[in-house]
Amino acid sequence: MIRYALQRLVLAVPTLLIAGLLVFLLIRLVPGDPALLLVGDLGDPAALEQARRDLGLDRPLPEQFLRWLGGVAGGDLGRSVTTGEPVLAMILERFPVSAQVVLAATLLAALVAIPAGTVAAWRQDGPFDHAAVGLAVLGLSVPSFWSGLLILILFGVTLGWLPTIGYVSPAEDLAANLAHIAMPVAALALTEVATLLRMTRAATLEVMRLDYVTHARAKGLSDAAVLSRHVFPNAFGPTLTVLGLILGHLLGGIVVLEKIFGLPGMGRLLVDAIFQRDYPVVQGCLLFIAFVYVGVNLLVDLLYPLFDPRVRP
Amino acid sequence: MSAQALSPRVAVGGALALAVVAASAAGVIATPYDPVAVDLAARIEPPSAAHWLGTDQFGRDLLSRLMAGGHKSLLISLAAVLGALLAGVPLGVVAGYAGGWVDRAIGTVLDALMAFPSILVALGIMSVLGPSEGGVVLALALAYAPAVTRVARASALSSRRREFVDAARVLGMPAPAILLRHVLPHCVAPVGVLAASLLAAALLTESALSFLGVGVPPPAPTWGGMLAEGRPFIGLADWLTIFPGLAIALTLLAINLLGDALRDRLDPRMRAPR
């Protein structure tokens, strides 16, 4: 088990290194002088020259990359061009807001989609299955930013039940916090329920086709027993993997939803940085999200053997 | 899915797709009003006989803007998927067929690219390029190429070990000819299914980028951009939010329904056991 875990960890290293290289190169692709971009608009050529030397831009590219990588490894993602704040501090301040919404949406989606997908597969081609599959296709076709806007119109404006904009941290006032994130969570969960339901259903169908399920049924086990003991545990592995991959959609969806609902999360930070051409912040956000994404999928890989003994080494 | 369940899905999807394509094609030729003409006397008018879907804060006709925006969104998404296929299929087929260090090198870069959610790849590239139509196509093509490469590679890897490929090699067929005649055709089904889902993803991401203001630059109408323009008028002019979103959702529904039907046709594993 420990060897398996170490193996997975080692495999993640080149992925992250190349991800870092891509993010590093991205800013070099920007037309114009990187020093000007990294330092901001300076009218003073001497200061610009100084900045260029400070940033190591007079060194060869591979050396620049290694220096930058060394900084990243030590938690130094550079400083914002607009505010001068350290990028990592800015990210760490806003990341919890996005993480809370994403985690709540994932939990909500899993609680709805996994049971619904299992039942739909169990009663394949029944009325529940047809309804679930139909609703899932519909759910996949509604962009979360549109469902977010519709939810905002209904619950925020027309009914006036929930605050339409802004954010309160859970430490300050938990009830107000939940009221502020309820609508973005619902919008985000709606799409993910559809994806997850389809995956759970497909995985369950695959398992139900296997001989040991037929055997379990033939020996007279009740539906509930076959489902809970033989089908669900084996179908859960693929579902878990999808749950990790879904995080990518969620991190993408949150970027737009944070703008709609005025949440001070990482997506807003990234989009604002793009508009302000604050490249160190753009770089830092992209890298941070890649780390989180790889980290979560690594965690899923590590958890997988706990649910599926067949891949246990 | 049984044959009876399949036909209404194709019928609904096909009818929706036809309607969207027809309305967008009509939008290229003529729209009821000029989609970018400002008419301050007719600002924020609810749907009426003169303006079927109402007008926006500049008095621009919403239906005309939806029709004009449609072909742009569709063409950008199609071009992006085509670009992803043109980049991803050759790379994947060569990686899967060649194996060895070529495969490992391509695979490692792919894993790194897949570490970024596709909308973030697109956002990162757009941050460098600045808002433009060509930029969106390039950004989306690059964002989706890794997925295409991965699927093409898997398919090439499995056909590489088949007897007919061995036979062709023993008969002295050059590698490019084997790739073209024997390996590539086997990628068509899985890559085709993926392309359908990528088309939906591209349309969705293009709308999201335009919504955020980093996609197609205004005043050219795009569905995502129209949603963003309607956001401040929520509660005052909800039609500005409802109709552009409906256009995106119906188009996605058409693509998803037809894509699912295609998948069930091409992938026998998805068929019901009975």
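The legends below describe close-up views of a predicted model.

**View 1. The side of chain B that touches chain A.** In this predicted model, 37 residues of chain B are in contact with 40 residues of chain A. On the chain B side, the elements that give two or more residues are α3 (100-113), α4 (118-129), α7 (175-212) and α9 (239-266), and it is α9(B) that gives the most, with nine residues. Sorted by class, this side of chain B has 23 nonpolar residues, together with ten polar and four charged ones.

**View 2. Leu188(A) and the residues it touches.** Leu188(A) is found in helix α8 of chain A, which comprises residues 174-208. With 28 C-beta neighbours inside 10 Å, Leu188(A) counts as buried, because the cut-off for a buried residue is 20 or more. When residues up to four places away in sequence are not counted, Leu188(A) touches Val101(A), Ala105(A), Ser144(A), Leu250(A), Gly253(A), Ile254(A) and Leu257(A). For a sense of scale in this view, Leu188(A) and Gly262(A) are 15 Å apart in space, C-alpha to C-alpha, while in sequence they are 74 residues apart.

**View 3. Helix α6 of chain A and what covers it.** Helix α6 of chain A (residues 127-141) has 15 residues, and from its first C-alpha to its last it reaches 21 Å, close to the 21 Å expected at 1.5 Å a residue. The buried residues in α6(A) are Ala132(A), Val133(A), Ala136(A), Gly139(A), Leu140(A) and Ser141(A). An α-helix has 3.6 residues a turn, so residues three or four places apart point the same way. What covers the buried residues of α6(A) comes from both chains, and includes α5 (87-122) and α8 of chain A together with α9 of chain B.

**View 4. The loop that holds Asp125(A).** Asp125(A) lies in the loop between α5 and α6 of chain A. Although Asp125(A) is not a glycine, its phi is positive, at about 70°. Asp125(A) is partly exposed, because 15 other C-beta atoms lie within 10 Å, a count that falls between the limit of 12 or fewer for exposed residues and that of 20 or more for buried ones.

**View 5. The loop that holds Arg277(A).** Arg277(A) is found in the loop between α11 (266-275) and α12 (279-307) of chain A. Phi of Arg277(A) is near 50°, which is a positive value in a residue other than glycine. With 19 other C-beta atoms within 10 Å, Arg277(A) is partly exposed.

Conventions. Residues numbered from 1 in each chain as written. Chains lettered and ligands numbered in written order. Predicted model: local features only at pLDDT ≥ 70, side-chain atom pairs only at ≥ 80, totals over all residues. Contact = placed C-beta atoms within 7 Å. Helix = DSSP H or I, 4+ residues; strand = E, 2+ residues; numbered from the N terminus. Nonpolar A, V, L, I, M, F, W, Y, C, P; charged D, E, K, R; others polar. Expected span 1.5 Å × (residues − 1).
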